[in-house]
Structures are given as structure tokens and as C-alpha cells.
Amino acid sequence: MTLGFVLLVHTAFDRAEQVARYFAANDCPVIIHVDGKVKPRTFKDFRDRFQGEPLVRFSRRTRVEWGTWSLVRATQFAAERLLDNFPDVRHVFLASGSCLPLRPVAQLKDYLAAHPETDFIESVTTHQVTWTVDGLETERFTLRFPFSWRKNRRAFDTYVRLQRRFGLRRRIPDGISPHLGSQWWCLTRRTLESILNAPDRPAVDSYFSKVWIPDESYFQSLSRRYSADIESHSLTLSKFDVQGKPHVFYDDHQPLLERSDCFVARKIWPHAERLYSTFLDDERPIKRHADPNPGKIDRVFSKANERRGRGRPGLYSQARFPAPGFENGLSCARYNVFSGFEQVFHQFEPWLARRLGGRVHGHLYHPDQVEFAGGETVMNGCLSDSPALRDYRPEQFLTNLLWSTRGERQSFFYGPGDTPQIGSFLARDPNATLAIISGAWVVPLHTSNMDFDEIKAEAARLQRAEIMFLRTLRATGVAARVHLWTLAEFVEQPIEKLQNILDEITGPGPRRLTDLPQMRDISGLPDFLLQLRNGGIKPQVVGDFGSLPTRINRAAQERSQNVR
């Protein structure tokens with residue numbers, strides 16, 4: 001049994017020459033079609049390299065364009081010459097210049113000899129197709145497509161809409177059952193000759209010349225008309241990404257290619273030196289003799305497609321900037337946000353850093369400066385402390401910080417005086433743990449030396465901002481873990497509340513807290529809150545301080561007992 005190859009070549013001529021010579025060295029005739037767009041001089045130089053090689057010849061050329069009839073015409077030209085010039089050929093294998101044999105040709109010959117009447121071509125009906133990307137399935141056979149989808153997309157789309165609007169439909173020729181499948185096939189001589197010598201071929205060719213992407217339907221449909229035995233799969237390994245573009249194989253894909261047991265693979269990177277030197281060497285030890293089974297590596301490509309389509313959780317890029325609701329995770333790691341604690345306690349930031357580990361930043365969203373931990377001006381990932389750069393994309397500032405420091409726990413402070421745009425992001429992020437003491441901003445205000453009118457204005461501004469943030473936390477769709485207390489509720493049992501937060505973040509510890517940082521003096525708060533109320537500012541977020549002295553004394557006693 002003689003096996004012949006048709007090679008469709010338009011670039012990487014050195015690699016195409018290597019593959020053609022390999023086939024010819026194994027007594028397989030090769031007919032090469034070179035794209036008509038290739039310059040005459042380039043084509044002549046390429047053809048002259050095969051002078052004296054009787055098994056390598058060239059077919060009539062045509063200009064080839066993706067998705068058009070030209071691809072089928074180029075295949076017809078090469079297949080006709082192969083059948084005419086080599087009458088001993090019993091199977092014809094269609095490949096491209098970027099294809100590479102993965103197993104010795106002798107194994108492929110033996111495999112075909114064991115299936116002398118079988119056509120290997122993926123051929124499925126349109127209602128079974130699930131792989132088309134941005135494509136038409138049934139309509140590709142019932143509408144006309146005279147315009148190039150790539151070069152004249154506007155005319156293509158307009159003409160499709162007009163045909164749909166006016167109900168224009170083409171009649172499928174008698175005896176044609178529309179099927180789709182991979183462009184790459186291996187057909188018996190009898191089936192291929194029946195297709196090329198069919199008495200109604202002019203009418204059939206005329207019909208398919210206006211079908212969209214006919215190279216995926218012409219031979220696939222006509223094989224069903226003439227073949228006596230079809231195995232609906234290709235002997236060529238060809239994988240596609242989420243955009244319908246073929247995966248490119250590189251040197252590090254060698255184990256994956258070997259595991260597929262396929263005879264040929266495309267698309268090979270032209271500079272994959274190791275792949276070409278390995279697979280074009282028939283002297284290498286052959287480990288496997290199984291039937292081709294590309295499904296064995298589908299899991300790897302499924303993961304690659306998912307990674308490309310969805311990306312890594314919390315990693316943003318220009319090519320995959322998520323729309324709301326379509327993110328693959330808002331951030332890449334757990335983080336903690338504390339609000340009001342630094343106003344209730346002295347030196348709360350260093351105390352928290354000792355308790356949690358990792359980095360505890362100040363107010364990352366302070367309007368005047370990004371307060372990185374340790375006073376750093378540039379953080380991992382070259383993140384600047386510039387508030388202008390941060391506020392250009394406040395959400396991505398945080399996700400970049402978390403990505404650049406992944407593996408290290410991050411905590412920071414956030415309050416009503418900070419940039420408000422990040423608030424909804426924090427509420428929606430399931431990686432966020434928010435611990436909030438509402439109304440804590442009154443503590444530094446009541447000890448400040450500001451004019452009372454200025455205090456009232458600042459209190460009104462901070463309370464208004466905090467109310468908006470609290471509304472966000474109470475809205476639907478909140479995914480963050482939120483711990484919320486009013487100032488009055490917190491100062492009554494600060495140890496218990498802090499213990500609950502730390503247990504959630506780090507896991508339950510063997511001992512309760514005993515070294516709570518010193519609480520600021522809040523004994524004068526009731527009078528200050530009354531003064532604000534009388535001045536026209538109603539403290540809505542602070543809580544009930546009607547029995548504040550009793551609560552303060554009780555909390556002090558509890559801390560004292562725990563220390564002892």
C-alpha cells in the first residue's frame with residue numbers, strides 16, 4: 001500500500017521542505033501547493049530545492065484566503081495531481097506546511113493497511129456541532145457568503161442580515177447531506193476519486209463556493225455520499241483555543257504530543273528545533289503503538305482554554321479586563337480591612353502586625369498619600385504611593401498589590417475619610433474580611449483643638465461618607481465577611497470582639513487575648529456627642545452612649561482581670 005501526502009504551504013518553507021523530504025524518504029509521494037500570494041521568486045527558490053527528487057512535485061497554484069473556496073480549490077489541484085501522477089497511492093493524507101509527523105511513517109502505513117477501505121475524516125451533522133466559535137452552523141449551508149469574513153467584515157455581516165430579513169435561502173443540492181469537521185483528513189483513493197470525478201461536480205462546487213468556510217464542509221459532506229466506511233475523526237492532532245484559533249506546539253510540548261499517539265500534529269512553531277529533530281528521526285526508540293487518541297490530552301487543553309478565557313483569580317490584564325459579574329475572582333488572596341480600630345486604640349497598627357504577621361499597611365486609600373507598611377514609597381510590583389496613580393484605577397491598585405505580594409498576608413485600614421470608590425469592591429470581594437467600628441471617627445474629633453464649627457463640618461462629612469459605606473455593606477450581593485459594631489457596642493466588650501476577628505483570620509488560638517493595646521480616653525464622649533447634637537449634628541452611627549461610664553468601667557475591669 002502506498003500513502004501519498006498533499007501539503008498546503010504558505011510560509012516557513014524550510015520546515016515544509018524538511019517534512020516533505022522526510023515523507024519522500026519513506027517512499028511517500030508528496031504534492032505541494034504553494035499559496036498564490038507567495039512571491040514568484042520565493043516560490044521558484046523553494047521549488048528548485050527539490051530538483052532531482054522524483055517523489056516531490058508541485059501543483060497548480062491559487063491565491064488562498066482563510067474561510068473561502070480557495071482552500072478547497074488548492075486542495076483539489078494538489079489531490080488531482082497526486083492521483084494522476086502516482087497511480088499506486090491508496091490513501092491520500094492532507095497536511096499543511098506547519099504539520100509534523102509524530103510517529104514513523106511506517107507505523108502510519110501499517111495502520112492504513114489494516115484499514116484499507118476506511119476514510120479517516122471528521123464528519124458530523126450540523127446539529128451535533130459544539131465547537132464553532134463566532135460562527136454559523138446550519139446557516140452556512142442555506143445563506144450565501146460572497147464576502148470575506150476577515151477582509152470585509154462589514155459587507156459580510158450586512159449581507160447576512162439582509163438575507164435573514166428577506167428570508168432568502170439556498171437550496172442544498174440533491175444527494176448532499178451537510179456535515180462539518182476538521183480540514184485535515186486521510187481519504188482512500190476510491191472516495192477521493194469519486195468526489196473529484198463526480199458527474200455533478202460543477203454544480204456541487206458552485207454551491208460550496210458560497211458556503212462559509214467550505215474547507216470544513218466540502219470533503220466532510222461529500223465523503224458521506226461516496227465512502228463505504230468512515231471513521232469520523234482525523235489522524236492529525238489539532239487543538240483550538242477559546243477564539244477558534246489553533247494551539248501552537250512548542251518544544252516543551254513533546255511529552256504531550258507523544259502521549260496523544262496521533263500520527264501527525266499541527267500547528268508546530270517553526271523554531272521548535274527539538275520537536276523537528278526528534279520526530280523526524282526514525283531511529284529514535286518507539287515507545288507506543290496504540291491507536292490515535294487525542295482525547296487523552298484534552299484535559300490539558302481544556303485547562304489552557306479556561307486559563308486563557310478566565311485568567312488567574314485576581315489577575316487583571318489589558319486583554320482580559322473583566323466586566324462586572326464575569327470576573328474570575330475579584331482578588332487573588334484573602335486580606336483584612338480594619339476601620340476605626342486605630343482611632344479607638346493607641347499603637348494599634350504595630351500590635352496588629354505582631355498578632356497577624358504579614359504586612360499591616362496604614363490607610364492605603366488616604367486622599368493625600370498611600371500609606372504602605374513601614375513607610376515604603378514603592379511596593380512589590382512597582383506600585384507607587386502616589387494617590388493620583390492609585391485613584392486612576394483604585395480597584396486594580398488593590399488587586400495588583402495582592403497579586404504582587406501573594407503568599408503574604410495583607411491588612412490595611414480604611415475609613416470614611418478615605419477614597420470612597422473602593423467601598424463597593426471591598427463589599428463584593430469574598431476574599432475580604434472587614435472589621436468596622438462605626439462612628440469611631442468621633443474619638444479623635446472630641447480631643448482635637450479645632451474650632452467647633454470646623455468640628456461640626458468634619459463630623460457631618462465623615463458621618464455622611466460612613467453612612468454611604470454602611471449602606472453598601474447592607475446591600476444585596478455582599479460577599480465579604482463583615483464584622484460591624486457601633487462604637488458604643490465595641491467599647492463594652494472590646495476583647496471578645498477582637499478575639500472573634502483574630503480567630504477568624506488566623507484560626508482559633510490556645511489562649512485568649514491578654515495584651516490588648518491601650519484604649520484612648522473616651523470618658524468625655526457623652527458630653528461631646530450631646531454638644532454635637534445640640535449643634536445640629538445627630539450622631540447616627542456611634543450607637544447608644546446613654547450608659548457610657550458604666551460600660552467603660554465594665555470593660556476596664558474585664559481587661560484588668562484578663563491581664564492578671
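Visitor: Why is C186 called buried?

Guide: C186 has a relative accessible area of 1%. Buried means under 20%, exposed over 50%, and partly exposed in between, with a 1.4 Å probe and protein chains only. C186 therefore counts as buried. The model is a predicted one, in which local features need pLDDT of at least 70 and side-chain atom pairs count only at pLDDT 80 or more, while totals for chains, interfaces and linings use all residues. Residues are numbered from 1 along each chain as its sequence is written, and side-chain values use heavy atoms, leaving out hydrogens and water.

Visitor: How do you know whether the sulfur of C186 is bonded or too far for a bond?

Guide: A disulfide is a covalent bond between the sulfur atoms of two cysteines. The rule applied here asks for a pair of cysteine sulfur atoms within 2.5 Å. The closest cysteine sulfur to that of C186 belongs to C28 and is 10 Å away, so it is too far for a bond.

Visitor: What about C262, and how many disulfides does a search of the whole structure find?

Guide: C262 is likewise buried, with a relative accessible area of 1%. Its closest cysteine sulfur, in C99, is 11 Å away and therefore too far for a bond. The search of the whole structure finds zero disulfides.

Visitor: What makes strand β4 largely enclosed?

Guide: Strands are DSSP runs of E with at least two residues, numbered from the N terminus. In β4 (residues 89-96), seven of the eight residues are buried, so the rest of the structure largely encloses this strand.

Visitor: How do you know which strands pair with β4?

Guide: Two strands pair if DSSP finds at least two bridges between them. Seven bridges join β4 to β1 (residues 2-9) in the parallel sense, and T2 stands opposite V89 of β4. With β9 (residues 186-188), β4 has three bridges and runs antiparallel; there, H91 has T188 as its bridge partner.

Visitor: Why is the ring pair of Y111 and F120 called tilted?

Guide: Rings of Phe, Tyr and Trp (its six-membered ring) pair if their centres lie within 6.5 Å; planes under 30 degrees apart are stacked, over 60 edge-to-face, and the rest tilted. By this rule there are 38 aromatic pairs. For Y111 and F120, the centres are 5.5 Å apart and the planes stand at 40 degrees, so the pair is tilted. Both Y111 and F120 are buried.

Visitor: Why does F166 count as exposed?

Guide: F166 has 58% relative accessibility and therefore counts as exposed.

Definitions and conventions: Helices (H or I, at least four residues) and strands (E, at least two) are DSSP runs, numbered from the N terminus.
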